[in-house]
Amino acid sequence: MKITVLGGTGYGGAAVVAEAAKRGHQVTAVSRRPPAQPIENVTYVTGNLVDPDFLQRAVAGADVVFEALSPRGDMAEQAEIVFGEVGRLAAGQGFRFGVLGGVSSVLVSPDGPRLLDVSSPAPEVLPEVLVGIRKLEALKQAPDELDWFYVSPAAQFGAWVPSTVTGTYRLSDDVLITDENGDSEISAADLALAVLDEIEHPTHRRRRFHVAH
């Protein structure tokens, strides 16, 4: 399968690239900068995804495009622009569109409220949170021809968060997964397992799913 990962050298994207390559897929990682440690048999492409011509070339021929761009700081607006354009291309060209989103819209219990409503993000993180929520709402309203899935990681997820690679994961549709201590955590490598399992065996077509240990 031809899998293109946008943001393929970032924390989550790089893990998806590594797992896809390990499983023998034809993988292209697209980013602004080349990786510090390239993975064997992965094609790395660098450039500005806001450039429509570059973006179109980057996703051409893909069976699945997974968007894992970081919407941090001044990248929030650009990431949202790229997301919208990839969605348009996916609907027209027929590739499956996966998105690594946020966890703030996940419910803390089956009847709510959202995590966002009980745990206010820091002001510097709020733009990133809102981008993730808008992406999910846009996908839910997308035309039927867009085949998409949206991944919400655990509440504790990122290069700055200590995590353990377990080789396992748990899934939920919309309710936050926590362990016996009330923590919600997932490593990038274990999240990548869930993403590749979904790519290889689609069970969440046009749906969000939440991943945690």
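## Helix 6

Helix 6 is largely enclosed by the rest of the structure, because 10 of its 13 residues are buried (under 20% relative accessible area with a 1.4 Å probe and protein chains only; exposed is over 50%, partly exposed in between). The buried residues are Ala188, Asp190, Leu191, Ala192, Leu193, Ala194, Val195, Leu196, Glu198 and Ile199.

The helix covers residues 188-200, and from its first C-alpha to its last it reaches 18 Å, close to the 18 Å expected at 1.5 Å a residue (the expected span is 1.5 Å times one less than the number of residues). Helices (H or I, at least four residues) and strands (E, at least two) are DSSP runs numbered from the N terminus.

## Basis of the model

The model is predicted: local features need pLDDT of at least 70 and side-chain atom pairs count only at pLDDT 80 or more, while totals for chains, interfaces and linings use all residues. Residues are numbered from 1 along each chain as its sequence is written, and side-chain values use heavy atoms, with hydrogens and water left out.

## His204

The loop between helix 6 and strand 8 (207-212) holds His204. This residue counts as buried, because its relative accessibility is 8%.

Apart from neighbours within four places in sequence, His204 is in contact (heavy atoms within 4.5 Å) with Arg96, Trp148, Phe149, Leu171, Asp173, Glu198 and Phe209. Of these, Glu198 is also one of the buried residues of helix 6.

## Helix 3 with helix 5

Helix 3 packs against helix 5 (residues 126-140) at an angle of about 15°, and their axes are 11 Å apart. Axes are lines fitted to C-alpha atoms, for helices over the stretch in contact, and angles run from 0 to 180 degrees between N-to-C directions. Helix 3 is therefore roughly parallel to helix 5 (under 35 degrees; over 145 is roughly antiparallel, 65 to 115 roughly perpendicular, the rest oblique).

On the helix 3 side the contact involves Ala76, Ala79, Glu80 and Phe83, and on the helix 5 side Val131, Arg134, Lys135, Ala138 and Leu139. These residues divide into 6 nonpolar, no polar and 3 charged (Ala, Val, Leu, Ile, Met, Phe, Trp, Tyr, Cys and Pro are nonpolar; Asp, Glu, Lys and Arg charged; the others, Gly among them, polar).

## Helix 2 with helix 3

Helix 2 (residues 52-59) and helix 3 (residues 76-93) pack at about 50°, with axes 11 Å apart. Helix 2 is therefore oblique to helix 3.

Leu55, Gln56 and Val59 of helix 2 meet Val82, Glu85, Val86, Leu89 and Gln93 of helix 3 in the contact. The contact residues comprise 5 nonpolar, 2 polar and 1 charged.
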